[in-house]
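Have a look at the sequence and the fold first, and then read on.

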Amino acid sequence: MATGVECAFVALEFHSTRSVITVQRNFRTRFHKYPPDPKTIRRWYNQLVTTGCLCKGKSPGRPHIPQETVER
């Protein structure tokens with residue numbers, strides 16, 4: 001699980017370099033851990049561009065349980 005600092009670094013680095021490989025190399029050099037995959041890098045960047053935030057969205061909550069299951 002990446003921290004907020006790592007997510008922000010990835011998104012801003014991708015904005016400046018436009019290269020997933022370069023972002024992964026710089027991430028590995030800076031944080032000394034395995035970098036996120038290309039899909040994740042693009043998703044974080046797109047989330048930052050569209051929403052202006054890298055916060056995790058609100059989860060949908062508990063799943064709906066049909067009344068018949070509750071009665072059993």
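## Cysteines and overall shape

In this predicted model, Cys 53 and Cys 55 are joined by a disulfide, with an S to S distance of 2.4 Å. A disulfide here is a pair of cysteine sulfur atoms within 2.5 Å, and by this rule the count comes to one.

What about Cys 7? The closest cysteine sulfur to that of Cys 7 is in Cys 55, 10.0 Å away, so it is too far for a bond.

| Residue | Relative accessibility | Class |
|---|---|---|
| Cys 7 | 10% | buried |
| Cys 53 | 28% | partly exposed |

The C-alpha atoms fill a box of roughly 55 × 25 × 20 Å along the principal axes. Of the 72 residues, 25% are buried. Among contacts with a separation of 6 or more, 40% link residues 24 or more positions apart; contact means heavy atoms within 4.5 Å.

A note on the model: it is predicted, local features need pLDDT of at least 70, side-chain atom pairs count only at pLDDT 80 or more, and totals for chains, interfaces and linings use all residues. Residues are numbered from 1 along each chain as its sequence is written, and side-chain values use heavy atoms, leaving out hydrogens and water.

How values were computed. Buried means under 20% relative accessible area, exposed over 50%, partly exposed in between (1.4 Å probe, protein chains only).
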